[in-house]
Amino acid sequence: MKITVQFLGQARQLAESDRVTVEVPEGASVDALVPGLTAEASERLLTVLVEDQKLRRSVIAILNDEAIDPSDQDLLQDGDELSLLPPMSGG
Amino acid sequence: MELTGEERAIYEWQIWVDELGPSGQERLKASTALVTRVGGLGGPLAQSLAAAGIGKLILAHAGNTKPSDLNRQILQTHGQLGKSRIESCQRRLLDLNPRLEVEAVPENVHEGNAAELVSGADIVFDCAPLFEERLLLNRECVHQNKPLIDAAMFELEGQLTTIIPGQTPCLACLYPEIPPGWKREFPVIGAVSATVANLAALEGIKLLAGFGELLTSKLLVYDARSMTFRKIAIHRRVDCAVCSTLTPGTPTEKDD
C-alpha cells in the first residue's frame, strides 16, 4: 500500500519536500515506514525523526487527526496521509 | 472578588460576552497566572491576560534585551536594548493595567525555583524555548496538580494544548525525552508566536472563568502557510515517567 508522509515543523524545514510517498506491505505499522523514509532523508532529518530504525518517541505520528502509536499494526490503509510532527518549543 | 466601578467600565465590552459575564470577570480578577519566559510567546500572552483583567501575573525571565528579540518580543523596545527584559515586561504591563499585581522574577525556570513559582499560581503558561525548562515545569505542575497551558511554534507553525494533571496527557507523555539536536534559536515570525500566544491566553481565560471547550487531550496544530488549524486527539502514555500513576484529582507525592 502507498502512504503519503507529510512532514511538519522542523521536519518540514529539513526535508527536501513537505511530502513523500512510501510503499509498505498491508498491515504495516508507522515504524515499518522508517526504512522507506531512511532511503530518501538527509542525516539531520533522520536525527530528528528516527532512533534505532523506529520513529523517535518524541515525534507525534498523526493519522486522521489522531496521534497513533507507531508500533500499532493495521491502522494504516492504502492512500492514507500520515503526518509526522517533531517537537517544537516556545521562545 | 467583587469588581470596582472602574473595572466594570474597563471590562464592559468583554463582560457583554455571555459566557464570561460579571462572574467570569470576577474569577479572572481573583486569579494568578505564572508565565515562564516572557518573550515571543509569553510577551503577547501576558499582555492579553493583563488586558483581560487577570489579578496577578508571576513573570519569570532572565537576561537583557537583544536586537534579535524585537521581531516578536512585543513587551521589549529599542530603548530597552541591553537592559533587563523582565523590567520592561513589568513596566509595560502596568502601563496597560495599573490594577494588575506583577511579581517579576529575573530568572528562568530551574530546579531551584520551579516548585515555588508553580505553587503561587492558579494556572501556568509554559513559553520557554528549552525542553529542559518545559519538562521541569510540566513535572512540577503534575506534582502540584496545577493546569498547564503549553504553547510552541516553529517557522510558520504553532501548537497548543491544555494539560490537566491526571486527566490529560502531560508534556512528558508527548515528549518522553529531550529531543536531540534542538537549538534554542529557531526560525519564527513574530505574528506566528503572537497568534499562538493569544490562543493560549484564550485557553487560560476560559479555564479560569469556567466556560467553553478546552484543548484537553487535544493538540491544536496551526499552519500559517495554509491558514489551517487541526485539532489532534492525543493520549496519555501508559509508561509516562511523570504522570502515569496519577488519577484525576490526586496530586502526587513529591519524589525529590
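Residues are numbered from 1 along each chain as its sequence is written, and chains are lettered from A and ligands numbered from 1 in the order in which they are written. Because the model is predicted, local features need pLDDT of at least 70 and side-chain atom pairs count only at pLDDT 80 or more, while totals for chains, interfaces and linings use all residues.

**Confidence**

The predictor assigns the complex an ipTM of 0.95 and a pTM of 0.94. In chain B the average pLDDT is 94, and 96% of the residues score at least 70; pLDDT is the predictor's confidence in each residue, from 0 to 100. Over residues 252–256 of chain B, pLDDT stays under 50. For that segment the model has 5 contacts beyond four places in sequence, two residues being in contact if their C-beta atoms, placed from the backbone, lie within 7 Å.

**Chain A**

Chain A contains 3 helices and 7 strands, arranged along the sequence as β-α-β-α-α-β-β-β-β-β. Helices (H or I, at least four residues) and strands (E, at least two) are DSSP runs, numbered from the N terminus. A compact globule of 91 residues would have a radius of gyration near 12 Å, and chain A agrees with this at 12 Å. That radius is taken over C-alpha atoms, and the globule rule is 2.2 Å times the number of residues to the power 0.38. Along the principal axes, the C-alpha atoms of chain A fill a box of roughly 40 × 25 × 25 Å. Of its 91 residues, 43% count as buried; a residue is buried if 20 or more other C-beta atoms lie within 10 Å of its own, exposed if 12 or fewer, and partly exposed in between. Among contacts in chain A with a separation of 6 or more, 54% join residues 24 or more positions apart.

Strand β1 (residues 2–7) of chain A has a covered face formed by Ile3(A), Val5(A) and Phe7(A). Its uncovered face carries Lys2(A), Thr4(A) and Gln6(A).

Asp80(A) lies in the loop between β6 (66–68) and β7 of chain A. Asp80(A) counts as partly exposed because it has 14 C-beta neighbours inside 10 Å. Leaving aside residues up to four places away in sequence, Asp80(A) touches Ile3(A) and Leu63(A). Asp80(A) and Asp69(A) are 11 residues apart in sequence, and their C-alpha atoms are 16 Å apart in space.

**Interface and nonpolar core**

At the interface, 20 residues of chain A are in contact with 33 residues of chain B. On the chain B side, the elements giving two or more residues are α7 (131–144), β5 (148–154), β6 (157–163) and β8 (228–233). The residues of that side comprise 19 nonpolar, 5 polar and 9 charged. Here Ala, Val, Leu, Ile, Met, Phe, Trp, Tyr, Cys and Pro count as nonpolar, Asp, Glu, Lys and Arg as charged, and the others, Gly among them, as polar.

The largest nonpolar core has 99 residues; such a core is a set of buried Ala, Val, Leu, Ile, Met, Phe, Trp, Tyr and Cys residues joined through C-beta atoms within 7 Å. The residues with the most contacts inside this core include Leu84(A), Leu45(B) and Ala200(B). Helix α9 (residues 190–209) of chain B gives the most to the core, with 11 residues. Beyond four places in sequence, Leu45(B) touches several residues, among them Val35(B), Phe125(B) and Ala200(B).
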